[in-house]
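Thanks for making time this morning; I would like to walk through the ligand surroundings, then the rings, then the charged pairs. Please have the model open while I talk.

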Amino acid sequence: MHERILYVAHDHLNFERGVLKDANPATDVVVLVESARMTQGRPWHKERLFFLLSSAKHFAKMLTNQGFAVRYIQAATTIDGLLAARAEFGDLPIQSAEPSSFRQFAQLQQFGVKFVENDFFLTSRNHFLMWAEKQKSFVMENFYRAQRTRLNILMTDGEPEGGRWNYDAENRLPPPKNYEWPAYLEHSRDEIDMQVAKQLDCSPTATWATTRQGGLLQLQNFIENHLHAFGPYEDAIAADNWALHHSLLSPYLNNGLLHAEEVVNAAIDAYKNGKAPIESVEAFVRQIIGWREYINGMYWFLGEDYRNHNQLHAERKLLPLFTDSSKTKMKCVRSVVSDIEKRSWTHHIPRLMVLSNLALTTGTNPQEFLTWMREQFIDSSDWVMVPNVIGMAVHADGGILMTKPYASGGAYLNRMTQHCKSCNYDPKLRVGENACPFTTLYWDFLDRHKDRFVKNHRMSQQVNGLKRLTDLPELKLRAQQVLSGLDAGTI
Ligand code: SF4
(Lines give C-alpha, C1' and ligand atoms only; values in the text may rest on other atoms or scores of the structure.)
Protein backbone atom coordinates (compact mmCIF):
# COMPACT_ATOMS: atom_id res chain seq x y z
CA MET A 1 0.00 0.00 0.00
CA HIS A 2 1.44 3.39 -0.98
CA GLU A 3 1.83 5.96 1.77
CA ARG A 4 3.63 8.93 0.16
CA ILE A 5 4.05 10.64 -3.19
CA LEU A 6 7.61 11.84 -3.68
CA TYR A 7 7.83 14.63 -6.21
CA VAL A 8 11.20 14.85 -7.97
CA ALA A 9 11.83 18.03 -9.95
CA HIS A 10 13.80 17.91 -13.21
CA ASP A 11 16.79 19.45 -11.42
CA HIS A 12 16.77 17.01 -8.49
CA LEU A 13 17.76 13.85 -10.34
CA ASN A 14 19.76 12.20 -7.59
CA PHE A 15 18.94 9.02 -5.75
CA GLU A 16 21.07 9.86 -2.72
CA ARG A 17 19.89 13.43 -2.21
CA GLY A 18 16.70 15.36 -1.63
CA VAL A 19 13.49 13.48 -1.15
CA LEU A 20 14.79 10.18 -2.50
CA LYS A 21 17.49 9.58 0.06
CA ASP A 22 15.09 7.81 2.41
CA ALA A 23 12.72 6.52 -0.29
CA ASN A 24 11.19 3.09 0.05
CA PRO A 25 9.83 1.26 -3.01
CA ALA A 26 7.32 -0.58 -0.81
CA THR A 27 5.56 2.58 0.35
CA ASP A 28 6.54 5.47 -1.95
CA VAL A 29 5.37 6.51 -5.39
CA VAL A 30 7.83 8.70 -7.31
CA VAL A 31 6.38 11.39 -9.57
CA LEU A 32 8.15 13.54 -12.13
CA VAL A 33 6.11 16.17 -13.97
CA GLU A 34 6.92 17.55 -17.40
CA SER A 35 4.80 20.67 -17.46
CA ALA A 36 3.77 22.42 -20.66
CA ARG A 37 5.20 25.58 -19.14
CA MET A 38 8.57 23.86 -18.92
CA THR A 39 8.53 22.81 -22.55
CA GLN A 40 6.45 25.43 -24.34
CA GLY A 41 6.21 28.40 -21.99
CA ARG A 42 9.22 30.15 -23.49
CA PRO A 43 11.44 29.80 -26.55
CA TRP A 44 13.89 27.53 -24.72
CA HIS A 45 17.00 26.35 -26.54
CA LYS A 46 16.18 22.88 -27.89
CA GLU A 47 19.51 21.40 -26.77
CA ARG A 48 18.70 22.52 -23.23
CA LEU A 49 15.19 21.08 -23.28
CA PHE A 50 16.47 17.85 -24.78
CA PHE A 51 19.06 17.50 -22.02
CA LEU A 52 16.60 18.21 -19.19
CA LEU A 53 13.77 16.00 -20.46
CA SER A 54 15.90 13.08 -21.57
CA SER A 55 17.88 13.11 -18.30
CA ALA A 56 14.62 13.03 -16.32
CA LYS A 57 13.20 10.20 -18.43
CA HIS A 58 16.37 8.15 -18.01
CA PHE A 59 16.25 8.82 -14.29
CA ALA A 60 12.61 7.69 -14.10
CA LYS A 61 13.55 4.47 -15.89
CA MET A 62 16.42 3.87 -13.46
CA LEU A 63 14.02 4.24 -10.51
CA THR A 64 11.54 1.86 -12.15
CA ASN A 65 14.34 -0.69 -12.53
CA GLN A 66 14.97 -0.34 -8.80
CA GLY A 67 11.41 -1.41 -8.06
CA PHE A 68 9.70 1.95 -7.50
CA ALA A 69 6.27 2.82 -8.79
CA VAL A 70 7.22 5.80 -10.98
CA ARG A 71 5.01 8.13 -12.96
CA TYR A 72 6.46 10.54 -15.52
CA ILE A 73 3.46 12.78 -16.06
CA GLN A 74 3.00 15.30 -18.86
CA ALA A 75 0.59 18.00 -17.71
CA ALA A 76 -0.24 21.66 -18.22
CA THR A 77 1.40 22.62 -14.91
CA THR A 78 3.33 20.89 -12.13
CA ILE A 79 0.28 21.15 -9.87
CA ASP A 80 -1.91 19.50 -12.55
CA GLY A 81 0.62 16.67 -12.68
CA LEU A 82 0.48 16.22 -8.90
CA LEU A 83 -3.33 16.25 -9.03
CA ALA A 84 -3.17 13.49 -11.65
CA ALA A 85 -0.90 11.47 -9.35
CA ARG A 86 -3.37 11.92 -6.47
CA ALA A 87 -6.24 10.89 -8.75
CA GLU A 88 -4.42 7.60 -9.38
CA PHE A 89 -2.91 6.87 -5.97
CA GLY A 90 -5.31 8.61 -3.57
CA ASP A 91 -4.99 11.66 -1.39
CA LEU A 92 -1.49 10.84 -0.16
CA PRO A 93 0.90 13.36 1.40
CA ILE A 94 3.33 14.79 -1.14
CA GLN A 95 6.96 15.47 -0.29
CA SER A 96 9.78 17.01 -2.27
CA ALA A 97 13.16 18.63 -1.73
CA GLU A 98 12.99 22.42 -1.32
CA PRO A 99 12.52 23.71 -4.89
CA SER A 100 15.27 25.70 -6.55
CA SER A 101 13.26 28.78 -7.51
CA PHE A 102 11.06 31.22 -5.59
CA ARG A 103 8.20 30.56 -8.00
CA GLN A 104 8.13 26.82 -7.58
CA PHE A 105 8.73 27.08 -3.85
CA ALA A 106 5.59 29.23 -3.46
CA GLN A 107 3.46 27.10 -5.79
CA LEU A 108 4.28 23.78 -4.14
CA GLN A 109 4.04 25.20 -0.64
CA GLN A 110 0.60 26.58 -1.43
CA PHE A 111 -0.46 23.17 -2.72
CA GLY A 112 0.55 21.64 0.61
CA VAL A 113 3.74 19.86 -0.45
CA LYS A 114 6.05 19.22 2.50
CA PHE A 115 9.72 19.97 1.91
CA VAL A 116 12.88 18.24 3.00
CA GLU A 117 16.09 20.27 2.99
CA ASN A 118 17.64 20.94 -0.40
CA ASP A 119 21.01 19.18 -0.09
CA PHE A 120 22.05 19.55 -3.72
CA PHE A 121 24.63 22.06 -2.51
CA LEU A 122 27.35 21.93 0.13
CA THR A 123 25.86 24.92 1.95
CA SER A 124 22.33 24.91 3.32
CA ARG A 125 20.20 28.01 2.78
CA ASN A 126 20.19 28.61 6.54
CA HIS A 127 23.95 28.35 6.80
CA PHE A 128 24.41 30.86 3.99
CA LEU A 129 21.93 33.20 5.60
CA MET A 130 23.92 33.12 8.83
CA TRP A 131 27.10 33.97 6.89
CA ALA A 132 25.47 36.76 4.86
CA GLU A 133 23.85 38.41 7.86
CA LYS A 134 27.27 38.92 9.41
CA GLN A 135 28.81 40.60 6.32
CA LYS A 136 29.23 44.30 5.66
CA SER A 137 29.69 43.56 1.95
CA PHE A 138 29.16 40.27 0.18
CA VAL A 139 32.63 39.66 -1.19
CA MET A 140 32.77 36.17 -2.73
CA GLU A 141 36.42 35.76 -1.76
CA ASN A 142 35.51 36.00 1.94
CA PHE A 143 32.80 33.40 1.53
CA TYR A 144 35.16 31.12 -0.41
CA ARG A 145 37.84 31.25 2.29
CA ALA A 146 35.23 30.49 4.94
CA GLN A 147 34.07 27.52 2.83
CA ARG A 148 37.62 26.18 2.47
CA THR A 149 38.01 26.33 6.24
CA ARG A 150 34.55 25.00 7.12
CA LEU A 151 34.70 22.12 4.65
CA ASN A 152 38.41 21.53 5.27
CA ILE A 153 39.18 21.51 1.55
CA LEU A 154 42.76 22.18 0.40
CA MET A 155 43.74 23.16 3.92
CA THR A 156 46.78 22.12 5.96
CA ASP A 157 46.86 22.89 9.69
CA GLY A 158 44.31 25.65 9.22
CA GLU A 159 46.29 27.29 6.39
CA PRO A 160 45.55 27.17 2.64
CA GLU A 161 47.37 24.36 0.86
CA GLY A 162 50.49 25.73 -0.83
CA GLY A 163 50.40 28.84 1.39
CA ARG A 164 48.09 30.92 -0.83
CA TRP A 165 44.35 31.24 -1.26
CA ASN A 166 44.54 31.82 -4.98
CA TYR A 167 46.86 31.32 -7.93
CA ASP A 168 45.62 33.95 -10.34
CA ALA A 169 49.21 35.01 -11.00
CA GLU A 170 49.90 31.59 -12.57
CA ASN A 171 46.53 31.49 -14.31
CA ARG A 172 44.76 33.97 -16.60
CA LEU A 173 47.01 33.15 -19.55
CA PRO A 174 45.94 34.05 -23.09
CA PRO A 175 45.08 31.16 -25.42
CA PRO A 176 48.18 29.16 -26.38
CA LYS A 177 49.45 29.01 -29.96
CA ASN A 178 49.94 25.67 -31.77
CA TYR A 179 48.40 23.79 -28.89
CA GLU A 180 46.81 20.39 -29.13
CA TRP A 181 43.50 20.45 -27.25
CA PRO A 182 42.39 17.01 -26.05
CA ALA A 183 39.19 15.77 -27.66
CA TYR A 184 35.99 15.98 -25.66
CA LEU A 185 33.67 13.05 -25.09
CA GLU A 186 30.83 12.41 -27.47
CA HIS A 187 27.77 10.67 -26.07
CA SER A 188 25.86 8.13 -28.09
CA ARG A 189 22.07 8.36 -28.14
CA ASP A 190 19.67 5.61 -27.05
CA GLU A 191 15.99 5.01 -27.62
CA ILE A 192 14.85 7.41 -24.87
CA ASP A 193 17.04 10.15 -26.35
CA MET A 194 15.60 9.53 -29.79
CA GLN A 195 12.01 9.71 -28.48
CA VAL A 196 12.72 13.02 -26.75
CA ALA A 197 14.43 14.39 -29.86
CA LYS A 198 11.35 13.43 -31.89
CA GLN A 199 9.01 15.01 -29.34
CA LEU A 200 11.01 18.25 -29.50
CA ASP A 201 11.62 18.03 -33.23
CA CYS A 202 15.35 18.55 -32.82
CA SER A 203 18.68 16.89 -33.65
CA PRO A 204 20.72 17.07 -30.47
CA THR A 205 24.50 17.20 -30.60
CA ALA A 206 26.52 14.43 -28.95
CA THR A 207 27.91 16.93 -26.43
CA TRP A 208 25.74 16.26 -23.40
CA ALA A 209 25.13 13.00 -21.59
CA THR A 210 21.63 12.32 -20.31
CA THR A 211 22.42 9.75 -17.61
CA ARG A 212 24.40 9.69 -14.38
CA GLN A 213 26.73 7.19 -15.96
CA GLY A 214 27.42 9.66 -18.79
CA GLY A 215 27.94 12.47 -16.27
CA LEU A 216 30.48 10.31 -14.41
CA LEU A 217 32.32 9.63 -17.67
CA GLN A 218 32.43 13.36 -18.29
CA LEU A 219 33.89 13.87 -14.81
CA GLN A 220 36.50 11.18 -15.38
CA ASN A 221 37.45 12.67 -18.74
CA PHE A 222 37.84 16.11 -17.19
CA ILE A 223 40.02 14.83 -14.35
CA GLU A 224 42.24 12.73 -16.61
CA ASN A 225 42.59 14.97 -19.66
CA HIS A 226 41.79 18.55 -18.69
CA LEU A 227 42.14 19.41 -15.01
CA HIS A 228 45.94 19.69 -15.07
CA ALA A 229 45.73 22.70 -17.43
CA PHE A 230 42.33 24.07 -16.42
CA GLY A 231 43.67 26.94 -14.29
CA PRO A 232 46.15 28.57 -16.68
CA TYR A 233 43.66 28.76 -19.58
CA GLU A 234 40.38 29.16 -17.73
CA ASP A 235 39.99 32.80 -18.80
CA ALA A 236 41.12 32.36 -22.41
CA ILE A 237 38.88 32.28 -25.49
CA ALA A 238 40.36 30.22 -28.32
CA ALA A 239 39.37 30.39 -31.97
CA ASP A 240 40.16 26.71 -32.56
CA ASN A 241 38.43 25.16 -29.56
CA TRP A 242 35.03 25.86 -27.97
CA ALA A 243 35.60 24.26 -24.54
CA LEU A 244 39.37 24.57 -23.85
CA HIS A 245 40.02 22.76 -20.57
CA HIS A 246 36.65 23.56 -19.01
CA SER A 247 34.93 20.71 -17.22
CA LEU A 248 31.50 20.84 -18.94
CA LEU A 249 30.11 19.56 -15.65
CA SER A 250 27.72 22.41 -14.76
CA PRO A 251 24.66 20.87 -16.51
CA TYR A 252 25.02 17.66 -14.46
CA LEU A 253 25.68 19.53 -11.23
CA ASN A 254 22.64 21.69 -11.85
CA ASN A 255 20.18 18.91 -12.70
CA GLY A 256 21.37 16.62 -9.89
CA LEU A 257 23.06 13.85 -11.86
CA LEU A 258 26.35 14.81 -10.20
CA HIS A 259 26.90 16.33 -6.78
CA ALA A 260 29.44 18.99 -5.85
CA GLU A 261 30.96 16.73 -3.20
CA GLU A 262 31.99 13.94 -5.59
CA VAL A 263 33.26 16.42 -8.17
CA VAL A 264 35.44 18.26 -5.64
CA ASN A 265 36.70 14.98 -4.15
CA ALA A 266 37.75 13.78 -7.60
CA ALA A 267 39.74 16.98 -8.21
CA ILE A 268 41.42 16.78 -4.79
CA ASP A 269 42.34 13.13 -5.33
CA ALA A 270 43.97 14.12 -8.62
CA TYR A 271 45.99 16.77 -6.76
CA LYS A 272 47.04 14.33 -4.02
CA ASN A 273 48.07 11.78 -6.65
CA GLY A 274 50.22 14.35 -8.42
CA LYS A 275 48.05 14.38 -11.56
CA ALA A 276 47.14 18.08 -11.39
CA PRO A 277 48.94 21.14 -9.97
CA ILE A 278 47.59 23.32 -7.19
CA GLU A 279 46.88 26.30 -9.50
CA SER A 280 44.43 24.23 -11.54
CA VAL A 281 42.86 22.33 -8.67
CA GLU A 282 42.40 25.46 -6.57
CA ALA A 283 40.85 27.33 -9.53
CA PHE A 284 38.38 24.49 -10.12
CA VAL A 285 37.53 24.04 -6.43
CA ARG A 286 36.91 27.80 -6.20
CA GLN A 287 34.26 27.53 -8.94
CA ILE A 288 32.45 24.71 -7.17
CA ILE A 289 32.64 25.45 -3.43
CA GLY A 290 32.99 29.21 -3.92
CA TRP A 291 31.10 30.65 -6.85
CA ARG A 292 28.40 28.06 -7.28
CA GLU A 293 27.47 27.97 -3.61
CA TYR A 294 27.74 31.74 -3.26
CA ILE A 295 25.43 32.41 -6.20
CA ASN A 296 22.82 29.97 -4.90
CA GLY A 297 23.09 31.40 -1.41
CA MET A 298 22.79 34.98 -2.65
CA TYR A 299 19.73 34.10 -4.78
CA TRP A 300 17.82 33.08 -1.64
CA PHE A 301 19.34 35.80 0.53
CA LEU A 302 18.60 38.67 -1.86
CA GLY A 303 14.93 37.77 -2.29
CA GLU A 304 12.46 37.52 -5.10
CA ASP A 305 12.43 41.20 -6.12
CA TYR A 306 16.18 41.34 -6.70
CA ARG A 307 15.62 40.29 -10.34
CA ASN A 308 13.87 43.59 -11.06
CA HIS A 309 16.84 45.87 -10.34
CA ASN A 310 17.81 48.29 -13.10
CA GLN A 311 19.98 50.80 -11.27
CA LEU A 312 21.76 51.96 -14.44
CA HIS A 313 18.38 52.64 -16.12
CA ALA A 314 19.30 50.46 -19.09
CA GLU A 315 16.35 50.33 -21.47
CA ARG A 316 17.73 49.16 -24.82
CA LYS A 317 15.87 46.21 -26.34
CA LEU A 318 17.77 42.94 -26.72
CA LEU A 319 20.13 43.28 -29.70
CA PRO A 320 19.25 41.08 -32.69
CA LEU A 321 22.73 39.50 -32.62
CA PHE A 322 21.81 37.63 -29.42
CA THR A 323 19.18 35.60 -31.22
CA ASP A 324 20.94 35.38 -34.59
CA SER A 325 24.73 35.26 -34.81
CA SER A 326 24.62 36.39 -38.44
CA LYS A 327 23.39 39.80 -37.25
CA THR A 328 26.87 41.01 -36.31
CA LYS A 329 30.26 41.46 -37.92
CA MET A 330 32.03 41.45 -34.56
CA LYS A 331 34.09 38.30 -34.81
CA CYS A 332 34.23 37.50 -31.10
CA VAL A 333 30.51 37.99 -30.58
CA ARG A 334 29.57 36.09 -33.69
CA SER A 335 31.72 33.13 -32.69
CA VAL A 336 30.39 33.00 -29.11
CA VAL A 337 26.72 33.31 -30.12
CA SER A 338 27.17 30.68 -32.80
CA ASP A 339 28.67 28.31 -30.17
CA ILE A 340 25.57 28.84 -28.05
CA GLU A 341 23.30 28.25 -31.03
CA LYS A 342 25.02 24.89 -31.52
CA ARG A 343 25.42 23.55 -27.99
CA SER A 344 23.56 25.85 -25.60
CA TRP A 345 26.85 26.51 -23.81
CA THR A 346 29.94 28.66 -23.73
CA HIS A 347 32.31 29.04 -20.79
CA HIS A 348 32.23 31.76 -18.15
CA ILE A 349 34.55 34.27 -19.83
CA PRO A 350 32.64 34.58 -23.13
CA ARG A 351 29.50 34.85 -21.01
CA LEU A 352 30.99 37.64 -18.90
CA MET A 353 33.48 39.49 -21.07
CA VAL A 354 31.78 39.18 -24.47
CA LEU A 355 28.01 38.79 -24.04
CA SER A 356 27.48 40.54 -20.72
CA ASN A 357 30.07 43.21 -21.48
CA LEU A 358 28.14 44.01 -24.64
CA ALA A 359 24.79 44.05 -22.84
CA LEU A 360 26.29 46.28 -20.12
CA THR A 361 28.01 48.81 -22.35
CA THR A 362 25.11 49.06 -24.83
CA GLY A 363 22.68 49.69 -21.94
CA THR A 364 20.59 46.62 -22.76
CA ASN A 365 17.65 46.16 -20.44
CA PRO A 366 18.80 43.74 -17.68
CA GLN A 367 15.52 41.85 -17.54
CA GLU A 368 15.52 41.25 -21.33
CA PHE A 369 19.11 40.05 -21.14
CA LEU A 370 18.30 37.84 -18.14
CA THR A 371 15.42 36.24 -20.02
CA TRP A 372 17.67 35.48 -22.98
CA MET A 373 20.44 34.01 -20.82
CA ARG A 374 17.91 31.93 -18.90
CA GLU A 375 16.45 30.46 -22.09
CA GLN A 376 19.66 29.81 -23.98
CA PHE A 377 22.04 28.07 -21.59
CA ILE A 378 21.94 24.36 -20.85
CA ASP A 379 23.00 24.94 -17.23
CA SER A 380 20.74 27.89 -16.49
CA SER A 381 18.29 27.94 -13.61
CA ASP A 382 16.65 30.84 -11.89
CA TRP A 383 19.08 30.63 -8.96
CA VAL A 384 22.08 30.67 -11.33
CA MET A 385 21.06 33.37 -13.73
CA VAL A 386 19.34 35.97 -11.54
CA PRO A 387 22.36 36.89 -9.36
CA ASN A 388 24.86 36.25 -12.15
CA VAL A 389 23.11 38.53 -14.63
CA ILE A 390 21.60 41.21 -12.40
CA GLY A 391 24.58 41.45 -10.04
CA MET A 392 27.65 40.39 -11.90
CA ALA A 393 26.99 40.66 -15.62
CA VAL A 394 25.29 44.03 -16.00
CA HIS A 395 25.67 45.67 -12.58
CA ALA A 396 21.93 46.29 -12.46
CA ASP A 397 21.89 46.04 -8.65
CA GLY A 398 24.13 49.11 -8.31
CA GLY A 399 26.90 47.15 -6.60
CA ILE A 400 25.26 44.84 -4.03
CA LEU A 401 27.05 41.78 -5.41
CA MET A 402 30.06 43.23 -7.23
CA THR A 403 31.92 46.37 -6.27
CA LYS A 404 32.47 47.35 -9.90
CA PRO A 405 30.95 46.66 -13.32
CA TYR A 406 32.76 44.27 -15.67
CA ALA A 407 33.08 46.71 -18.59
CA SER A 408 36.04 46.40 -20.88
CA GLY A 409 37.22 47.57 -24.27
CA GLY A 410 38.77 45.63 -27.13
CA ALA A 411 42.26 45.57 -25.57
CA TYR A 412 41.25 42.91 -23.03
CA LEU A 413 39.58 40.79 -25.70
CA ASN A 414 42.56 41.23 -28.01
CA ARG A 415 44.77 39.76 -25.28
CA MET A 416 42.47 36.94 -24.18
CA THR A 417 40.91 35.83 -27.49
CA GLN A 418 42.20 34.85 -30.91
CA HIS A 419 39.44 36.65 -32.81
CA CYS A 420 40.70 40.19 -33.28
CA LYS A 421 43.24 39.44 -36.01
CA SER A 422 40.57 38.29 -38.44
CA CYS A 423 37.90 40.78 -37.35
CA ASN A 424 36.49 43.66 -39.41
CA TYR A 425 37.28 45.94 -36.51
CA ASP A 426 40.47 47.10 -34.82
CA PRO A 427 40.59 46.72 -31.03
CA LYS A 428 43.00 49.66 -30.71
CA LEU A 429 40.69 52.16 -32.42
CA ARG A 430 37.88 53.92 -30.60
CA VAL A 431 36.70 56.22 -33.38
CA GLY A 432 36.12 55.77 -37.07
CA GLU A 433 34.43 53.06 -39.11
CA ASN A 434 36.98 50.40 -38.19
CA ALA A 435 36.91 51.08 -34.46
CA CYS A 436 36.19 48.04 -32.31
CA PRO A 437 32.65 48.50 -30.99
CA PHE A 438 33.77 47.24 -27.57
CA THR A 439 36.43 49.96 -27.35
CA THR A 440 34.04 52.73 -28.42
CA LEU A 441 31.25 51.52 -26.16
CA TYR A 442 33.54 51.09 -23.16
CA TRP A 443 34.45 54.79 -23.14
CA ASP A 444 30.90 55.82 -23.96
CA PHE A 445 29.64 53.70 -21.03
CA LEU A 446 32.13 55.33 -18.64
CA ASP A 447 31.15 58.77 -19.89
CA ARG A 448 27.41 58.09 -19.54
CA HIS A 449 27.86 56.88 -15.95
CA LYS A 450 30.84 58.98 -14.85
CA ASP A 451 28.98 60.74 -12.04
CA ARG A 452 28.10 57.42 -10.44
CA PHE A 453 31.42 55.62 -10.97
CA VAL A 454 33.83 58.43 -10.18
CA LYS A 455 32.82 57.95 -6.52
CA ASN A 456 33.72 54.24 -6.70
CA HIS A 457 37.36 53.77 -5.63
CA ARG A 458 37.73 50.74 -7.94
CA MET A 459 36.44 52.72 -10.93
CA SER A 460 37.64 56.28 -10.41
CA GLN A 461 40.94 55.70 -12.23
CA GLN A 462 39.09 54.38 -15.29
CA VAL A 463 36.62 57.27 -15.21
CA ASN A 464 39.44 59.80 -14.85
CA GLY A 465 40.96 58.28 -18.00
CA LEU A 466 38.14 60.03 -19.89
CA LYS A 467 39.92 63.34 -19.28
CA ARG A 468 42.80 62.18 -21.48
CA LEU A 469 40.52 61.53 -24.45
CA THR A 470 40.93 64.43 -26.83
CA ASP A 471 38.47 62.85 -29.25
CA LEU A 472 35.57 62.39 -26.83
CA PRO A 473 33.02 64.33 -28.97
CA GLU A 474 33.96 62.23 -31.99
CA LEU A 475 33.78 59.07 -29.86
CA LYS A 476 30.29 59.95 -28.61
CA LEU A 477 29.19 60.35 -32.21
CA ARG A 478 30.72 57.00 -33.18
CA ALA A 479 29.05 55.35 -30.16
CA GLN A 480 25.65 56.49 -31.47
CA GLN A 481 26.46 54.98 -34.88
CA VAL A 482 27.59 51.73 -33.23
CA LEU A 483 24.44 51.51 -31.12
CA SER A 484 22.18 52.15 -34.14
CA GLY A 485 24.18 49.61 -36.16
CA LEU A 486 23.86 47.00 -33.40
CA ASP A 487 20.12 47.66 -33.15
CA ALA A 488 19.86 47.19 -36.91
CA GLY A 489 22.12 44.10 -36.93
CA THR A 490 24.65 45.69 -39.26
CA ILE A 491 27.71 46.23 -37.00
FE1 SF4 B 1 35.74 41.54 -30.89
FE2 SF4 B 1 36.62 44.05 -31.19
FE3 SF4 B 1 38.32 42.01 -31.36
FE4 SF4 B 1 36.51 42.40 -33.27
S5 SF4 B 1 38.18 43.78 -32.74
S6 SF4 B 1 37.04 40.45 -32.34
S7 SF4 B 1 34.77 43.17 -32.10
S8 SF4 B 1 37.17 42.63 -29.56
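This is a predicted model: local features need pLDDT of at least 70, side-chain atom pairs count only at pLDDT 80 or more; totals for chains, interfaces and linings use all residues.

Residues are numbered from 1 along each chain as its sequence is written, and side-chain values use heavy atoms, with hydrogens and water left out.

Let me begin with the ligand. Taking a residue as near if one of its heavy atoms lies within 4 Å of the molecule, the residues around the ligand include Met 330, Lys 331, Cys 332, His 419, Tyr 425 and Phe 438. By class, that shell has 9 nonpolar, 1 polar and 1 charged residues.

Now to the rings. Rings of Phe, Tyr and Trp (for Trp, its six-membered ring) pair if their centres lie within 6.5 Å, with planes under 30 degrees apart called stacked, over 60 edge-to-face and the rest tilted; by this rule the count comes to 30 aromatic pairs. In one of them, Phe 222 and Phe 230 have ring centres 6.1 Å apart and planes at 85°, so the pair is edge-to-face. Both Phe 222 and Phe 230 are buried, where buried means under 20% relative accessible area, exposed over 50%, and partly exposed in between, with a 1.4 Å probe and protein chains only. Elsewhere, ring pairs link Phe 102, Phe 105, Phe 115, Tyr 299 and Trp 300 into a cluster.

A charge sits over a ring if NZ of Lys or CZ of Arg is within 6 Å of the ring centre and within 35 degrees of the ring normal. The charged end of Arg 343 is placed in this way over the ring of Trp 242, 3.9 Å from its centre, and Lys 404 lies over the face of Tyr 406, at 6.0 Å from the ring centre.

Arg 86 pairs with Asp 91, the closest N and O atoms being 3.2 Å apart, and Asp 91, at 67% relative accessibility, counts as exposed. Arg 164 meets Glu 170 at 2.8 Å, N to O; Arg 164 is partly exposed at 34% relative accessibility, and Glu 170 is partly exposed at 33%.

Conventions
Ala, Val, Leu, Ile, Met, Phe, Trp, Tyr, Cys and Pro count as nonpolar, Asp, Glu, Lys and Arg as charged, and the others, Gly among them, as polar. A salt bridge is a side-chain nitrogen of Lys or Arg within 4 Å of a carboxyl oxygen of Asp or Glu.
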